[in-house]
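I set out to look up the aromatic rings of this structure and their surroundings. My entries follow.

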Amino acid sequence: QVQLVESGGGLVQAGGSLRLSCVVSGGTFSSYAMGWFRQAPGKEREFVAAINWSGGATYHADSAKGRFTISRDNAKNTVYLQMNSLKPEDTAVYYCAARSYRGTYWFKAQEYEYAYWGQGTQVTASS
């Protein structure tokens, strides 16, 4: 059974930084493409960033480009989301997700493409 556990969320002032971590267990981490999504109160969950199985390719949503960076450490079964210059509009529950795929067309931004999900971690950026 594949399990994903996020950590690193919290309350930070606007302009501050946080690093989210997501540890994956029960599967072969290096066979997964990983993604981060977020859901703000009253809004639908949205794509933030994704990384391929090796860490050699990444995608970031326009809202995250230049401020957030996704990375992974396959030796630690962990994916990270470094978030800098946080804004109040970044306030949301952040979820990591895993997609079992190592091919060329690894990148997917749709939720339904990801089979495994964590429970989420709250990020609050205060103004």
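Entry 1. I looked up the aromatic cluster in this predicted model. Ring pairs join Phe37, Phe47, Tyr59, Trp106, Phe107, Tyr114 and Trp117 into a cluster.

Entry 2. I then counted the aromatic pairs and found nine. I examined the pair of tyrosine 59 and phenylalanine 107, which is stacked because the ring centres are 3.9 Å apart and the planes stand at 25°, under the limit of 30 degrees. Tyrosine 59 belongs to strand β6, while phenylalanine 107 lies in the loop between β9 (92-100) and β10 (116-117); the pair thus links distant parts of the chain, 48 residues apart. I noted tyrosine 59 as partly exposed, at 42% relative accessible area, and phenylalanine 107 as partly exposed, at 27%.

Entry 3. I turned to tyrosine 114 and tryptophan 117, an edge-to-face pair with 6.3 Å from centre to centre and 65° between the planes. Tyrosine 114 is buried, with a relative accessible area of 4%, whereas tryptophan 117 is partly exposed at 25%.

Entry 4. I looked for charges over rings. Arginine 45 lies over the face of tryptophan 117, 4.1 Å from the ring centre. The charged end of arginine 72 sits over the ring of phenylalanine 29, at 4.3 Å from its centre.

Entry 5. Which residues does asparagine 52 contact, leaving aside its neighbours within four places in sequence? I found Tyr32, Ala33, Ala57, Arg72 and Trp106. Asparagine 52 lies in the loop between β5 (46-51) and β6 (58-60). I recorded asparagine 52 as buried because its relative accessibility is 10%, under the limit of 20%.

Methods
Residues numbered from 1 in each chain as written. Predicted model: local features only at pLDDT ≥ 70, side-chain atom pairs only at ≥ 80, totals over all residues. Heavy atoms only, no water. Helix = DSSP H or I, 4+ residues; strand = E, 2+ residues; numbered from the N terminus. Buried < 20%, exposed > 50% of the residue type's maximum accessible area, 1.4 Å probe, protein only. Contact = heavy atoms within 4.5 Å. Phe/Tyr/Trp six-rings, centres within 6.5 Å; stacked < 30°, edge-to-face > 60°. Lys NZ or Arg CZ within 6 Å of the ring centre and 35° of its normal.
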